Amino acid sequence: LTYPHLNVQPSTHCNNPDWVIKPADSGGAVVVWCADLYRSEARRQLSDTSSYLSLDHDPTDEHQTLISLTISDIITSGTLPSKASKLIIPQPRTAGFYLLPKSANRSVLADPLFLLAHVPPN
């Protein structure tokens with residue numbers, strides 16, 4: 001951003017759909033991306049079929065059913081204590097994808113990250 005842009009209230013930029021403002025990968029820096037560039041980089045990375053597989057549906061419910069049954073079976077067998085049932089998430093959400101911009105290495109624009117929606121309680 002140019003100096004005049006920096007003189008504007010920060011909330012003006014945070015709410016501007018033309019910009020994506022993210023923490024950088026290191027050093028406490030903040031990276032401001034043009035939203036089109038951010039989306040283009042996300043599409044480029046997600047289209048890499050050696051790393052990602054395109055799915056025709058959201059498998060979250062299927063995975064949740066399998067995980068719940070497996071944990072329940074292991075508890076029933078006595079291998080896990082009954083409090084391990086806390087590992088079963090009642091309403092899981094699909095993980096989110098976002099990019100963590102690189103502040104130093106320009107050959108790689110951003111590292112992909114996935115946000116998990118829930119962490120089981122202790």
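**Exercise 1. Find which residues of helix 4 are buried, and which are exposed on the other side.**

Solution. 
Step 1. Thr60, Gln64, Ser68, Ile71 and Ile75 are the buried residues of helix 4. Buried means under 20% relative accessible area, exposed over 50%, and partly exposed in between (1.4 Å probe, protein chains only). Helices (H or I, at least four residues) and strands (E, at least two) are DSSP runs, numbered from the N terminus.

A note on the model: it is predicted, so local features need pLDDT of at least 70 and side-chain atom pairs count only at pLDDT 80 or more, while totals for chains, interfaces and linings use all residues. Residues are numbered from 1 along each chain as its sequence is written, and side-chain values use heavy atoms, with hydrogens and water left out.

**Exercise 2. Compare the span of helix 4 with the expected one, then inspect the residue glycine 78.**

Solution. 
Step 1. Helix 4 covers residues 60-76, 17 residues.
Step 2. From first C-alpha to last, helix 4 reaches 24 Å, close to the 24 Å expected at 1.5 Å a residue. The expected span is 1.5 Å times one less than the number of residues.
Step 3. Glycine 78 follows helix 4 and has a positive phi, near 90°.

**Exercise 3. Locate the salt bridges and describe their surroundings.**

Solution. 
Step 1. Searching the whole structure gives 2 salt bridges. The criterion is a side-chain nitrogen of Lys or Arg within 4 Å of a carboxyl oxygen of Asp or Glu. Side chains of opposite charge can pair when their charged atoms come close.
Step 2. Aspartate 36 and arginine 39 form a salt bridge at 2.7 Å, N to O. Both sit in helix 3, 3 residues apart, about one turn of the helix. Arginine 39 is partly exposed, at 41% relative accessible area.
Step 3. Arginine 44 pairs with glutamate 41, with the closest N and O atoms 2.7 Å apart. About one helical turn separates arginine 44 and glutamate 41, because they are 3 residues apart in helix 3.

**Exercise 4. Assign the faces of strand 2 and its pairing with strand 1.**

Solution. 
Step 1. Val31 and Trp33 form the covered face of strand 2. Val30, Val32 and Cys34 form the uncovered one. In a regular strand the side chains alternate between the two faces of the sheet.
Step 2. Strand 1 (residues 19-23) runs antiparallel to strand 2, joined by 5 bridges. Two strands pair if DSSP finds at least two bridges between them.
Step 3. Lysine 22 has valine 31 as its bridge partner in strand 2.
Step 4. Beyond four places in sequence, valine 31 touches Val20, Ile21, Lys22, Ala24 and Pro101. Contact means heavy atoms within 4.5 Å.

**Exercise 5. List the largest nonpolar core and the elements that supply it.**

Solution. 
Step 1. This core has 9 residues: Val20, Ala24, Val31, Trp33, Ala35, Tyr38, Ala42, Tyr98 and Leu99. A nonpolar core is a set of buried Ala, Val, Leu, Ile, Met, Phe, Trp, Tyr and Cys residues joined through side-chain atoms within 4.5 Å.
Step 2. At least two core residues come from each of strand 2 (30-34), helix 3 (35-46) and strand 3 (96-101).
Step 3. Helix 3 gives the most, 3 residues.
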